[in-house]
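Please look over the sequence and the structure shown below before reading on. The report that follows takes up charged side chains and a metal site.

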Amino acid sequence: MGFSYMPGFGNDFETETLPGSLPQGRNSPQRPAYGLYAEQLSGSPFTAPRGTNERSWLYRIRPSVRHTGRFKAANYPLWKSAPNVGDHELALGQYRWNPVPMPKEPTDFIAGMRSITTAGDVLGQTGMAAHVYVANRSMADGHFFNADGELLVVPQVGALRFVTEMGVIELRPGEIAVLPRGLVFKVELVDETVRGYVCENYGAKLTLPDRGPIGANCLANPRDFKTPCAWFEDKETPCRLIVKWCGQFHVTELDHSPLDVVAWHGNYSPYKYDLATFSPVGAILFDHPDPSIFTVLTAPSGEEGTANIDFVIFPPRWLVAENTFRPPWYHRNIMSEFMGLIHGQYDAKEEGFVPGGISLHNLMLAHGPDASGFERASRAELKPVKLDNTMAFMFETRFPQMLTRYAAEVETRQENYIDCWADLKKRFNGTPEGDWS
Ligand SMILES: [Fe+2]
């Protein structure tokens with residue numbers, strides 16, 4: 001079954017499944033067609049400036065007050081929220097992990113969420129959390145919404161289907177999706193087992209970065225973002241709704257599906273994006289720009305140029321710079337960097353950083369190419385080279401990222417990561433040539 005999408009980023013979309021189900025010329029008619037209820041979903045305060053004011057009008061079989069009952073507590077102990085400080089005894093360091101193990105028990109997308117880091121403060125609506133999800137079954141009658149932030153989903157293994165109240169997003173590795181705060185959805189598995197990364201953004205919404213002198217094109221182009229057309233089900237069978245709210249989980253039982261939006265319009269909506277459509281811009285003579293040149297989406301913090309989150313990718317590209325050390329340089333950073341690898345190999349690490357793996361280079365902790373990568377890049381013949389079969393990414397935030405106990409203790413953490421730099425030799429010998437023996 002194919003689902004359809006509307007192109008554009010942050011457009012004022014409109015979509016209806018039944019002819020005439022979307023009111024025209026007004027938002028709240030006295031009696032909407034088909035006996036639907038009109039409901040506004042606000043993603044920004046009413047009075048937010050026009051450029052960041054986001055809301056949608058949903059026309060649904062029942063209003064959302066009928067999709068909640070009495071809540072009771074639910075328990076998802078591996079999904080953590082900030083602040084989550086002092087959760088483990090592991091000392092400070094640069095860390096790297098092999099892929100998070102796939103579950104042996106039946107596990108859906110929500111139960112399969114394993115938090116790796118948290119940053120900022122969910123109650124202050126600042127910061128983020130970085131998670132890995134692993135799942136081997138669909139959410140059959142379970143539904144979910146996250147009041148704590150939007151979810152940026154980066155699949156690494158297996159295709160998924162996000163059945164949301166505003167439409168259906170099918171997603172495979174190489175694509176990303178963003179599910180806004182408050183959106184009700186369930187996750188169905190297209191493939192048997194799935195794994196991927198999630199950035200939970202507590203702060204202002206992800207948006208496209210300004211391009212500055214790059215101009216009106218390249219990087220992520222707005223038309224390549226896809227928002228689903230309306231889709232609904234009229235299902236009168238028992239369902240559950242799980243809510244994440246201020247770091248805690250609650251569940252309520254329903255006797256019908258909450259995915260009942262027959263038509264909607266507005267600019268607050270989920271979307272997906274194919275990373276292969278990102279048009280990278282880079283060095284064409286020497287050096288290379290800072291990795292911010294590869295920013296797909298950015299979530300501002302309120303302080304100019306200081307992102308709550310930057311979502312950055314390292315896509316296939318040509319390396320042509322002359323007399324240049326072409327891999328990423330050695331680096332210490334006020335921003336903290338959570339990296340993942342969707343497929344292929346990352347150019348600063350020759351081995352040990354595998355697809356599905358993670359590295360974490362936190363506030364002001366040094367990092368850069370491993371010793372073998374440095375050796376190779378320092379001696380390589382600098383002809384044009386296509387860096388192919390690679391897609392790494394980074395969740396970068398202005399806040400330090402605190403490890404969870406799960407991440408500190410999981411058996412896939414590499415005890416010896418720090419050793420990847422041990423063989424970097426002293427080459428200074430007082431001569432301009434240095435010691436390259
Ligand atoms: Fe860095």
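## A network of charges

E39, R60, E165 and D260 are joined in a network of salt bridges, a salt bridge being a side-chain nitrogen of Lys or Arg within 4 Å of a carboxyl oxygen of Asp or Glu. Side chains of opposite charge can pair when their charged atoms come close. When the whole structure is searched, 22 salt bridges are found.

## How the model is read

This is a predicted model, in which local features need pLDDT of at least 70 and side-chain atom pairs count only at pLDDT 80 or more, while totals for chains, interfaces and linings use all residues. Residues are numbered from 1 along each chain as its sequence is written, and side-chain values use heavy atoms, with hydrogens and water left out.

E303 forms a salt bridge with R398, and their closest N and O atoms are 3.0 Å apart. E303 lies in the loop between β21 (295-300) and β22 (307-314) and R398 in the loop between β27 (390-397) and β28 (402-403), so the pair ties together parts that are 95 residues apart in sequence. E303 is partly exposed, with a relative accessible area of 45%, and R398 is partly exposed as well, with 26%.

## The iron site

The iron ion is coordinated by H331 (ND1), E337 (OE), E337 (OE) and H367 (NE2), at 2.2 to 2.4 Å. Donors are N, O and S atoms within 2.8 Å of the metal (3.2 Å for Na, K and Ca), and water is not among the atoms, so sites may look incomplete. Along the chain, the donors of the iron ion follow the spacing H-x5-E-x29-H, and E337 counts as buried at 5% relative accessibility.

The site of the iron ion is irregular, with angles of 57 to 156 degrees among its four donor atoms. Four donors count as tetrahedral if all angles lie between 85 and 135 degrees; four count as square planar and six as octahedral if opposite donors are over 155 degrees apart and all others between 65 and 115, and anything else is irregular.

How values were computed
Helices (H or I, at least four residues) and strands (E, at least two) are DSSP runs, numbered from the N terminus. Buried means under 20% relative accessible area, exposed over 50%, partly exposed in between (1.4 Å probe, protein chains only).
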